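These are my notebook entries on a single chain. I set down what I looked up, entry by entry.

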Amino acid sequence: MGSVRKASAWLGLVEDNDERYYDDEYAETAESGDAWVTDPRVRVASESAREEGRRIATVSPAGFRDARAIGELFRDGIPVIMNLTTMEPDDAKRVVDFAAGLTFGLHGSIERVATRVFLLTPADTQVLTGEPGGRAQDGFFNQS
């Protein structure tokens with residue numbers, strides 16, 4: 001089929017009798033699910049963790065445009081660790097402002113874990129500190 005005929009068929013001006021436009025390889029990859037590729041800067045736990053509800057995502061955005069990945073993960077109820085150490089300071093401030101608004105809007109919380117590293121937790125997630133809660137104050141180690 002000539003290029004003029006292909007263009008006419010694409011525009012719907014002539015009837016398309018040529019089935020070469022259908023890409024069998026694309027249809028097979030779309031059905032198998034292998035066509036979706038995850039951004040390498042976003043890591044999420046395995047399927048077994050997904051079934052049990054124990055997943056945490058780590059995101060290292062390169063710029064403010066990558067904030068969408070943070071928002072989508074957090075909106076799905078997944079705690080997110082944002083590593084902003086590789087970002088420019090101005091973009092990092094914008095991402096922190098975005099994350100603060102995101103956590104406020106979805107009733108979550110944001111905590112600084114380290115310099116330019118933040119933890120975003122959904123409303124139904126509890127963060128435990130390293131301090132044991134059940135330790136008696138006047139125990140063995142209290143030698144004052």
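Entry 1. I began with His107, which is placed in the loop between H5 and strand E4 (109-114). I note that the model is a predicted one. The phi of His107 is positive, about 60 degrees, although the residue is not a glycine. I recorded this angle because most residues other than glycine have a negative phi. Is His107 buried or exposed? Its relative accessibility is 64%, over the 50% limit, so His107 counts as exposed.

Entry 2. I then looked up Arg116, in the loop between E4 and strand E5 (117-121). Arg116 also is not a glycine, and its phi is positive at about 60 degrees. Its relative accessible area is 27%, so I list Arg116 as partly exposed.

**Entry 3. The chain as a whole.** I counted the secondary structure next and found five helices and five strands. Read from the N terminus, the order of elements is α-α-β-α-β-α-β-α-β-β. The chain has 144 residues, of which 24% are buried. I also looked up the contacts with a separation of 6 or more: 42% of them join residues 24 or more positions apart.

**Entry 4. H4 against H5.** Two packed helices are described by the angle between their axes and the distance between the axes. I applied this to helix H4 (residues 67-75) and helix H5 (residues 89-105), whose axes come within 10 Å of each other and cross at roughly 20 degrees. That angle is under 35 degrees, and H4 and H5 are therefore roughly parallel to each other. The crossing in which H4 passes H5 is right-handed. Which residues make the contact? On H4, I find Ala67, Ile70, Gly71 and Phe74; on H5, Val95, Phe98, Leu102 and Thr103. Sorted by class, the contact of H4 with H5 holds six nonpolar residues, two polar ones and no charged ones.

Entry 5. What does Ala99 contact, leaving aside its neighbours within four places in sequence? I find Met82, Ile110 and Leu120 in contact with Ala99. Of these, Ile110 falls within the span of E4 (109-114), and Leu120 within that of E5 (117-121). I also took the C-alpha to C-alpha distance from Ala99 to Phe74: the two are 9.3 Å apart in space and 25 residues apart in sequence. Phe74 is one of the H4 residues in the contact with H5.

**Entry 6. Charge pairing.** Side chains of opposite charge can pair when their charged atoms come close. How many salt bridges does the count give? The count comes to one salt bridge. I located it between the side chains of Glu72 and Arg68, with 2.8 Å from N to O. Both Glu72 and Arg68 lie in helix H4, and they are four residues apart, about one turn of the helix. I then looked up the accessibility of the two partners. Glu72 has a relative accessible area of 32% and is therefore partly exposed. Arg68 reaches 61% relative accessibility, so it counts as exposed.

Terms used. Residues numbered from 1 in each chain as written. Predicted model: local features only at pLDDT ≥ 70, side-chain atom pairs only at ≥ 80, totals over all residues. Heavy atoms only, no water. Axes fitted to C-alpha atoms, helices over the stretch in contact; angles between N-to-C directions. Helix = DSSP H or I, 4+ residues; strand = E, 2+ residues; numbered from the N terminus. Parallel < 35°, antiparallel > 145°, perpendicular 65-115°, else oblique. Left-handed = near helix turned anticlockwise from the far one by under 90°. Contact = heavy atoms within 4.5 Å. Nonpolar A, V, L, I, M, F, W, Y, C, P; charged D, E, K, R; others polar. Salt bridge = Lys/Arg side-chain N within 4 Å of Asp/Glu carboxyl O. Buried < 20%, exposed > 50% of the residue type's maximum accessible area, 1.4 Å probe, protein only.
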